[in-house]
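The stops below are meant to be selected one after another.

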Amino acid sequence: MSTTATSPLPGNKGPGSPRPDTGSGVAKSAKPVTWKTPVLLALLGVVAFVFFGLMGPNQTAEFGISTDSDFFQLPAVEVPAFLGGIVLSVILLGLAAYAVFLKTKDQAAPAWLPITFTVLFVAAFLIWVVGGARTPSISLAGLIAGSVTLAVPLVFGSLSGVLCERVGVVNIAIEGQLLGGAFTAAMVATMTRSPLLGLLAAAVAGAVVSMVLAVFSIKYLVNQIIVGVVLNVLVSGLTGFLFSTVMQANKAQFNSPPGLDNIEIPVLSGIPIIGPILFKQTLVGYLMYVAVIVVWLGLFKTKWGLRVRAVGEHPQAADTMGIKVNATRFWNVTLGGAIAGIGGSFFTLVAIDSFTKEISGGRGFIALAALIFGRWSPIGAFFAALLFGFADNLQSIVTIIGTPVPSQFMAMLPYLVTVFAVAGLVGRSRPPAASGIPYVKG
Amino acid sequence: MSEKDPRKHEADLHPDKPRGATPAAEETAAVVALDTAGGAMEPSAVPATAQSGKLPGGPDTLVRKIFTGNGMVSILAVFLALIIGGLLIASTDEQVGRTSAYLFARPADFLTAVWNAATGSYIALFQGSIFNPRGSSVGVQFAPFMETLTIATPLITAGLGVALAFRAGLFNIGAQGQIIMAGILAAWVGFALDLPLGLHLLLVLVAGIVGGALWGGLVGLLKARTGAHEVILTIMFNYIALYFLRYLLNTPAFQRPGDSNPISPILDPNAVYPQILGTQYRLHLGFVLAIAATVLVWWLLSRSTVGFEFRAVGANPKAAQTAGINVSRSTILVMAIAGALAGMSGVAQVAGTEKVLTDGVAATYGFDAITVALLGRSTPWGTFAAGLLFGAFRAGAVQMQIQTGTPIDIVLVVQSLIVLFIAAPPLVRAVFGLNPRRRKPAAAGTSQKAAATGGAA
């Protein structure tokens, strides 16, 4: 491609570019095409071929699509695991070969390639896992619906991270915001007997945690990562202390919140697969979709979003243009905390009907990973969170149907994927330029 | 980080920072990690104070130094955190609740109840961690202190690992995973092999150190090669290590014969640390090694070339690179050494305190190590002292919960408040009215020059 402009390689095919240079093409040309993606794809392709294909199980994997409550029934899909594994892994190898071919012509792999590769790889993996199980049958509808449910706090958490990092503040305290939200939601919902007030209180609690982060990192210029790490400990200690002293002493009065009910939209909720995930959710679930869309629209389609991103990328320039950098940061971080707090309420108002210590169980860190995996974009973070929710759900399902893969390795998967992601498998992820750097007007 | 005092060699590593900034700017500048070298390197993750361990602020009068210096701020921060913790304890105390009902009629009752609730818990904490006057003999009376030292051992070594990485500008959240990996290897060598006395223990120690060093070094390698952020990497590596440990504990190789519980066999008697002060205390050789490690890290940082390179990279990676220091090599090496130090904590756990491997081998030592290193301002002896303090908190909290019913979690609150306050000296000084003349409480926000290079570099 237009690498010719920056690094004239001896074997390059002249100055002419084989493809019309679009805007993105110009941007990409700054970095030379590396061998990283083709090599990794090829490696994964070989892994898929050997494990999912050649060593594939000799059973038929069955994937149920419809549930009984759907208004029309679709037959279950049956895939011969061995054949399916071979076919899919050959396609994977083909994709990898295409990436290698492109590299030899000094072209970067197009964006669809790694995405298609990932989807097919997951499919091959799923066929392999289910095919090798004692009872080779799972409900795809249940798997996907469960994944979305498990992803709800992750989506809220990563949206909080997106808002904070886009404005230049690293938010390691997502875990604390989720935990604070969960605790407050349980307490307030129980005391007022209103889950809605609990939801509101959770948002306030998340915002308060965020304000501490904002004050210490913006006003006192303390390193943002330090504040985040310490805030997680602080919230964990506070909620644990109050849980032991207040909640346990009087569970009925403080820790038996009324849950949020599923709101079912008639007819639409009967559509197989997408019905339950889009039209049969709790209020928190619907809020999740709204939040993703609103944050995306806000960040990329409004004046406010432009300012926010300017502050996160180049605060000095933003300041010169008359944007109040630190005020923008403060309110964005606060807003992010409120969103994460709502996500926290999921734990006590939807998933479990009471608060326990450390109920968020490290999901704030997975949300952080989802944010990076999703390349600091609300939509990307949403899908990354779904992927992690999927891995989480798959882990519990494969333990039930009994597969050869130890459940611990399934649980490890999101973290391994994140390591691959940050180490540059899925293209180089670049944080907002000023993220983590305090701004002092100069 | 613009130091007014050119004697401090850190200043020489900041050729791109303005010299002779105003005194108001100094303090701000010192607490901000401004060291970002263009797009080439990640910005330093740790404030300059944490890296240098030096006083923020130029030469000043002795009195001001005492009252506004780091030492005083640290003490005041601990004090402030204890007060807030005490108020929290009091707020949930039954007696306080009862007396608050007639607060305005007899306020003295209320205040007495508050005082009793808070001090009662802290006295129990003290008795559980330092000295128990009810003991029958001097040995028993000081038993709590020995317990404090035992618990402090893994905190000190893991804290040193975190502190060392801080000094090189790396935020090592991965002590937890490094302890786990070290624990796995050390425990396996300890219970699976059968070797003579001395050699076996040595091998256990080496295995643990190698395990931690590899796990930490891998993060350094990934960061140096791909530029991935070490905070994310270490968090992920913690989880990977934990699930790997859980998997191993579900395999027969790591279980007791004929038992399917996730607990390893007890380590061979030849493979465990001897108890250095007799069998009545749990205190083991690991504590002596922790002291040795502290000396070693001190030497490494302040007397060795490698340590100078670490600090140079931490202060300004770009300048370090220009000066001919191999930044990649330093990154990998410092993470490996940090991992090795955390590995010593893993060994202290499996070969000293626990003598078996369970999935709680690291407890929360790896995360506590971060606060220990921050409290110790990333200096070796500061970390040592902070490790002792947090060890005392943990040891005493158990006794406190038994005696007064105050949950252990209060220790987490106090610990995190201490670190927060220490990280923000202007806040602590403002609370105690110690801010130097002509500066308003909002000292940090007012300085002008500090961020001349601080924006998006």
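The tour goes from chain A as a whole to some of its helices and then to a loop of chain B.

This is a predicted model, in which local features need pLDDT of at least 70 and side-chain atom pairs count only at pLDDT 80 or more, while totals for chains, interfaces and linings use all residues. Residues are numbered from 1 along each chain as its sequence is written, and chains are lettered from A and ligands numbered from 1 in the order in which they are written.

**Chain A**

Select chain A, which has 17 helices and 5 strands. Helices (H or I, at least four residues) and strands (E, at least two) are DSSP runs, numbered from the N terminus. Of its 442 residues, 52% count as buried. A residue is buried if 20 or more other C-beta atoms lie within 10 Å of its own, exposed if 12 or fewer, and partly exposed in between, with C-beta atoms placed from the backbone. Among contacts between residues at least 6 apart in sequence, 77% join residues at least 24 apart. Contact means that the C-beta atoms of two residues, placed from the backbone, lie within 7 Å.

**Helix H3(A)**

Next, select residues 81-104 of chain A, helix H3. Its 24 residues reach 34 Å from first C-alpha to last, close to the 34 Å expected at 1.5 Å a residue; the expected span is 1.5 Å times one less than the number of residues. The buried residues of H3(A) include Phe82(A), Leu88(A), Leu92(A) and Leu95(A). Just after H3(A), Asp106(A) takes a positive phi of about 60°.

**Two partners of H14(A)**

Now show helix H6 (residues 174-192) and helix H14 (residues 325-351) of chain A, which pack at an angle of about 55° with their axes 6 Å apart. Axes are lines fitted to C-alpha atoms, for helices over the stretch in contact, and angles run from 0 to 180 degrees between N-to-C directions. H6(A) and H14(A) are therefore oblique to each other; angles under 35 degrees count as roughly parallel, over 145 as roughly antiparallel, 65 to 115 as roughly perpendicular and the rest as oblique. Residues in this contact include Leu178(A) and Ala182(A) of H6(A), and Gly341(A) and Phe347(A) of H14(A). The contact divides into 11 nonpolar, 9 polar and no charged residues. Ala, Val, Leu, Ile, Met, Phe, Trp, Tyr, Cys and Pro count as nonpolar, Asp, Glu, Lys and Arg as charged, and the others, Gly among them, as polar.

Arg307(A), Val308(A) and Val311(A) of H12(A) make the contact with Val325(A), Thr328(A), Arg329(A) and Asn332(A) of H14(A).

**Val230(A)**

Select Val230(A), in helix H8 (residues 224-247) of chain A. Val230(A) is buried, with 28 other C-beta atoms within 10 Å. Leaving out residues up to four places away in sequence, Val230(A) touches Thr371(B), Ser416(B), Val419(B) and Leu420(B).

**A loop in chain B**

Finish at the loop between helix H16 (327-353) and helix H17 (365-375) of chain B, where Lys355(B) lies. Phi of Lys355(B) is positive, near 70°, and Lys355(B) is buried, with 21 other C-beta atoms within 10 Å. Ala363(B) is found in the loop between H16 and H17 of chain B too. Its phi is near 45°, and Ala363(B) counts as partly exposed, with 17 C-beta neighbours inside 10 Å. Most residues other than glycine have a negative phi.
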